[in-house]
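Subject: Structure for your review

Dear colleague,

Please find the structure below for your review. My findings follow directly after it.

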Amino acid sequence: MTSDVKPLLPRHDDLVNERLVAWYFLAALTFLTVSMLAGLLVALQLIRANPLDGVELLSPARWRMVHTNAIAYGFLANAFLGCLHWAIPRLTLRPVASVALSYFIFSAWQFVVVCTAAGIILGPSFQAQDWVAELASQLHISMSLGAQGVEWGETPFWIDPVAQLGLLLVAINFMTPIVRQRGPMYVSLWYFMAAFVWTFLTYGMGNFMPEYAVGGVSGGAVGGLFIHDLVGLFVTPLGWGLMYYFVPIMLKRPIWSHGLSLVGFWGLAFFYPLQGIHHFLYTPIPMFLQYGAIISTIAVELVVTTVVINFIGTIWGDGEVLKKNLPIRWFYCGMIYYFITCFQCALQVTLTFQKLIHFTDWVVGHAHLVMFGVFSMWIFGIMTYLFPRLIGRDWHSRKLCEIHFWFSAVGVFIMFLDLGLAGVFQGYYWASLAPWDVSVMGSQSFWVVRAFAGLMMFAGTLCFLVNLYLTWRGPVRELNPDIDVAPALA
Amino acid sequence: MFESKAGILGIAGIGFFLFAFISNVWTPILMYKDVTEKTAEEVVNYRVMAHFGDLNRRYPEAFQEAFGEPTEENCAAALRLGRQLYIGEGCWHCHSQFVRPVSNESKRWGPVSTAEEYQNELQRPVMFGTRRVGPDLSHEAGRRSNDWHAVHFFDPPLVSPDSPMPKYTWFFDGAPNKPNKRGLAIITYLQWLGTSLDSYPYYEQVNADAEEDY
Ligand code: HEM
């Protein structure tokens with residue numbers, strides 16, 4: 001791509017603001033830790049072993065919303081922004097629009113995430129005060145100080161405009177180098193460009209429409225489309241875009257098939273957004289719309305399979321690297337989990353499955369495999385690759401890196417199997433018309449296993465954090481500039 | 001076109017998004033646009049008023065302080081606050097509000113949900129929910145008494161042994177017979193859910209005559 005302009009290549013330091021990338025990663029890891037602790041709190045509550053039950057500010061249900069929001073906006077968004085600050089300037093050979101703007105976005109985004117968490121935790125405590133109702137009737141808005149009633153759109157209403165503006169600035173900051181770039185665009189940039197538009201539109205749709213504009217069943221359709229698009233049009237394209245960037249670099253070979261890359265991108269773009277309603281099957285939303293959502297879901301699963309095939313084609317014949325190269329192992333393990341979730345999705349979206357598993361832990365297992373098993377694993381791979389570069393030291397301990405991988409990969413898979421099975425049991429308990437407590441008691445053993453699986457994932461993350469600290473405080477151990485992967489890992 | 005900036009931004013970014021928006025969101029909006037969305041005042045009925053009055057009799061001091069007299073207007077205010085708390089406290093992450101036409105749900109919880117039930121201010125955003133750790137609440141009104149709810153919120157295992165539902169002690173001034181404004185509001189809200197239906201009050205049918213659905 002760049003061979004003929006090589007002498008003019010800008011220096012890496014002029015392109016990438018490494019300090020900012022590191023800051024984003026640190027913020028991401030902080031919120032990941034918070035979110036995992038929140039997850040553990042809820043898991044303990046379900047097995048009735050929560051020592052803090054009855055403490056208002058540690059209310060498990062409020063912290064469940066912190067759990068999901070800290071993951072989406074605190075961990076994934078921060079980590080992705082960090083990765084983009086590395087990848088986009090290097091792909092376009094141009095720096096982002098402005099350093100000052102970048103730092104402003106960084107601080108504004110942390111403000112958004114912290115305020116979201118604070119709002120969710122403190123908001124309901126003040127909800128009953130008289131001034132709230134008075135303001136609400138004056139302004140004709142519903143004034144929920146805490147969470148709002150859309151999943152992943154819980155962001156309190158007073159934060160929404162700030163977050164929306166932040167997303168606009170993010171788009172401007174990154175689109176500037178992309179627009180200025182000349183010549184053919186690499187696959188990653190297609191995904192990134194589209195993601196900037198989609199995220200902005202999706203956030204606006206989910207955080208304003210169901211609250212202010214549309215009520216009732218049609219509002220449900222908006223909410224369904226929102227949770228769906230947030231995963232499919234914000235997390236997914238950024239994740240795949242980064243895979244298209246990092247995998248060929250680390251394997252030192254091009255992507256197997258350009259044609260399949262095209263199919264994957266355009267298939268995702270067309271089919272993905274058509275499926276929002278599949279989150280609310282059997283609701284009063286008109287049935288023909290539900291069928292449409294189901295069919296396009298099955299279609300998109302076929303399309304994403306082509307992407308996975310493309311990546312398997314890329315590594316074909318070079319499987320040995322999976323043993324030695326840790327980031328590559330993170331990536332490909334994530335892709336296998338991706339394939340599993342997509343396959344599962346094509347089944348569970350059918351009305352036959354929905355009858356049984358909707359509302360059960362099956363869905364929660366699915367959510368963890370996608371969010372943790374796929375996208376977080378990719379991010380961990382990228383962090384494992386980039387951190388030594390960002391802090392100028394090779395990893396302190398390869399062993400801790402390995403433990404991080406195995407605890408995460410195995411932990412989340414146990415959680416997935418366990419919750420999937422729990423979901424099937426719950427579905428049958430409910431249909432059998434046994435009293436509700438029977439289903440709750442029947443779930444206990446699964447929930448205990450889930451808590452341990454969660455502890456395992458958390459332990460993996462702690463190893464990573466400890467390793468990072470030791471690396472950072474340890475002596476400078478130069479990276480070999482000739483090889484792309486940190487020597488300890490290759 | 002498939003690899004150009006204009007194609008990706010215009011067709012994939014905006015075009016496909018809009019297409020999905022029109023088909024998946026605009027269509028239901030058009031279909032339901034003539035069903036008017038009722039306000040909280042309009043959905044207050046004699047059934048929820050009976051419970052609102054009962055709360056006033058049981059907990060007069062707290063009630064008078066929180067809402068004054070048990071008028072319809074004050075009931076609407078309590079419903080609004082109750083719904084806000086239902087959302088803010090995250091109840092909807094453990095309880096659903098829709099009865100599906102499958103899985104014997106209409107035996108357990110009453111008639112399958114219809115679009116009309118959701119066409120009111122208190123269902124904006126709609127509280128369908130996505131997870132049931134606890135039972136569906138869309139027809140909860142009248143199934144339990146007010147003092148049952150009070151004790152249940154204070155410490156769920158007191159009335160429902162083995163319950164994993166969290167305690168909501170902050171809905172009370174220290175004891176289950178002293179609900180505060182938040183406690184009264186959320187109980188009022190629960191006693192409203194499903195009051196518009198002919199089947200009110202619907203008592204859970206368990207193990208009665210389970211259909212061979214599976
Ligand atoms: C320490 C490890 C973790 C534990 C113990 C844990 C536990 C939980 C629990 C108990 C719930 C609520 C489930 C329910 O309502 O029944 C939940 C929901 C969720 N968690 Fe986690 N979690 C952990 C880590 C993570 C991570 C790292 C991610 C994402 C990267 C994640 C993503 C989610 C999502 C998306 C949901 C919502 C599921 C849904 O509504 O269907 N969790 N988690």
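In this predicted model, Arg473(A) lies over the face of Trp472(A), at 5.3 Å from the ring centre. A charge is taken to sit over a ring if NZ of Lys or CZ of Arg is within 6 Å of the ring centre and within 35 degrees of the ring normal. In chain B, Arg108(B) is placed over the face of Trp109(B), at 5.7 Å from the ring centre.

As to conventions, residues are numbered from 1 along each chain as its sequence is written, while chains are lettered from A and ligands numbered from 1 in the order in which they are written. Local features need pLDDT of at least 70 and side-chain atom pairs count only at pLDDT 80 or more, whereas totals for chains, interfaces and linings use all residues; side-chain values use heavy atoms, with hydrogens and water left out.

Aromatic pairs

Rings of Phe, Tyr and Trp (its six-membered ring) pair if their centres lie within 6.5 Å; planes under 30 degrees apart count as stacked, over 60 as edge-to-face and the rest as tilted. By this rule there are 60 aromatic pairs over all chains. Among them, Tyr245(A) and Phe246(A) have ring centres 4.8 Å apart and planes at 80 degrees, so this pair is edge-to-face. Both Tyr245(A) and Phe246(A) are buried (under 20% relative accessible area; exposed is over 50% and partly exposed in between, with a 1.4 Å probe and protein chains only).

The rings of Phe270(A) and Phe19(B) have centres 5.9 Å apart and planes at 15 degrees, and the pair is therefore stacked. Because Phe270(A) lies in helix H9 (residues 258-271) of chain A and Phe19(B) in helix H1 (residues 5-32) of chain B, the pair joins two chains. Helices here are DSSP runs (H or I, at least four residues), as strands are (E, at least two), numbered from the N terminus. Phe270(A) is partly exposed at 28% relative accessibility, and Phe19(B) is partly exposed at 43%.

The iron site

His67(A) (NE2) and His368(A) (NE2) coordinate the iron atom of the ligand, at 2.0 Å. Donors are N, O and S atoms within 2.8 Å of the metal (3.2 Å for Na, K and Ca); water is not among the atoms, so sites may look incomplete. The six donor atoms around the iron atom subtend angles of 85 to 179 degrees, which makes the arrangement octahedral (six donors, with opposite ones over 155 degrees apart and all others between 65 and 115). His67(A) lies in helix H3 (residues 60-92) of chain A and His368(A) in helix H14 (residues 361-391) of chain A, so the pair ties together parts 301 residues apart in sequence. His67(A) counts as buried, at 19% relative accessibility.

Helix H8 (residues 216-251) of chain A has 36 residues and reaches 51 Å from its first C-alpha to its last, close to the 52 Å expected (1.5 Å times one less than the number of residues). H8(A) is mostly covered, with 35 of its 36 residues buried. A bend of about 35 degrees occurs in H8(A) at Asp229(A), the bend being the angle between axes fitted to the seven residues ending there and the seven starting there. Just after H8(A), Lys252(A) takes a positive phi of about 55 degrees.

H6(A) bends by about 30 degrees at Phe174(A), and a proline, Pro177(A), follows within four residues.

Yours sincerely

Definitions and conventions: Four donors count as tetrahedral if all angles lie between 85 and 135 degrees; four count as square planar and six as octahedral if opposite donors are over 155 degrees apart and all others between 65 and 115; anything else is irregular.
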